[in-house]
Amino acid sequence: MDIKNNIKKIQDFLSGKPARLVAVSKTKPAELIQKAYDEGLRIFGENKAQELSEKYEVLPKDIEWHMIGHLQRNKVKYIAPFVTLIHSVDSLRLLKEIDKQAQKNDRVIDCLLQVHIAEEDTKFGLSEEELKEMLASQEFEAMKNIRIVGLMGMATFTEDQDQIRREFKSLKNIFDRLAQMETPVNVSMEELSMGMSGDYEIALEEGSTLVRVGSAIFGERNYA
Ligand SMILES: *Cc1c(COP(=O)(O)O)cnc(C)c1O
């Protein structure tokens, strides 16, 4: 596996597009992340809070760490001091905990709301209705230490390219509708996180600003 070539291929595809690469390094050792860093990558994504904070400790401090996986409330404290963006906020309760921990660390944490766009019901995320309800609530408006900067979604795991495209389009439409709505001051629709190793090309065509690519950079993951 040639990390250097893998990164170059993706960067060539991204060049000229208004999107950034989040290198998904979950399960991969710090030495491999350092190699990707040496190739110029600065944004890394992880899906477990403890693994994320352990890697933060040992790797260069100018890395932007993104939390991309389902986040439990009791784990927020591990990443609150340094995390740059949390992609996977799917409830008001979780958001409240992030706000609380951000306040403790005297900072504002940027978050994306995760929207359910896939056919499978195994994937986490809010519906458009739930999302609007959340943004309209007084509890939401009162949070001063979080900022919602966009949306995240995962397409169905399928070979059907048309279906993937349809799902990405539906997320982009929700994003555009929210961008036009009057929302509280702690909301600003700037980032649309969609696309992984198997579908980032389609996601970019449909308006993604953050692609989360793991195996196409680091090779297959071994969960053993
Ligand atoms: C693991 C993961 C990715 C990256 O998956 P690849 O198919 O390896 O690119 C992207 N997004 C989320 C939320 C993930 O958990």
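**Figure 1. A network of salt bridges.** Arg165, Lys169, Glu205 and Glu206 are linked in a network of salt bridges. A salt bridge here is a side-chain nitrogen of Lys or Arg within 4 Å of a carboxyl oxygen of Asp or Glu. Searching the whole structure turns up 16 salt bridges. This is a predicted model, in which local features need pLDDT of at least 70 and side-chain atom pairs count only at pLDDT 80 or more, while totals for chains, interfaces and linings use all residues. Residues are numbered from 1 along each chain as its sequence is written, and side-chain values use heavy atoms, with hydrogens and water left out.

**Figure 2. The pair Arg42 and Asp62.** In this salt bridge, the closest N and O atoms are 3.4 Å apart. Arg42 sits in the loop between H2 and strand S2 (43-46), and Asp62 in the loop between helix H3 (49-58) and strand S3 (64-67), so the pair ties together parts that are 20 residues apart in sequence. Helices (H or I, at least four residues) and strands (E, at least two) are DSSP runs, numbered from the N terminus. Arg42 is partly exposed, at 32% relative accessible area, and Asp62 is partly exposed too, at 45%. Buried means under 20% relative accessible area, exposed over 50%, and partly exposed in between (1.4 Å probe, protein chains only).

**Figure 3. Two further salt bridges, Lys55 with Glu46 and Glu128 with Lys132.** Between Lys55 and Glu46 the closest N and O atoms are 2.8 Å apart, and both residues are buried. For Glu128 and Lys132 that separation is 3.0 Å. Glu128 and Lys132 both belong to helix H6 (residues 128-136), four residues apart, which is about one turn of the helix. Glu128 counts as buried at 18% relative accessibility, whereas Lys132 is partly exposed at 25%.

**Figure 4. Thr27 and Asp106, two residues with positive phi.** Most residues other than glycine have a negative phi. Thr27, however, has a phi near 70°. You can find Thr27 in the loop between strand S1 (20-24) and helix H2 (30-38), where it is partly exposed, with 32% relative accessibility. Asp106 has a positive phi of about 55° and lies in the loop between helix H5 (92-104) and strand S5 (109-115). Asp106 is exposed, with a relative accessible area of 70%.

**Figure 5. Asp199, buried without a salt bridge.** Look for Asp199 in the loop between strand S7 (187-193) and helix H9 (200-205). The nearest side chain of opposite charge, Arg212, is 6.7 Å away (Lys and Arg count as positive and Asp and Glu as negative; His and the chain ends are not counted).
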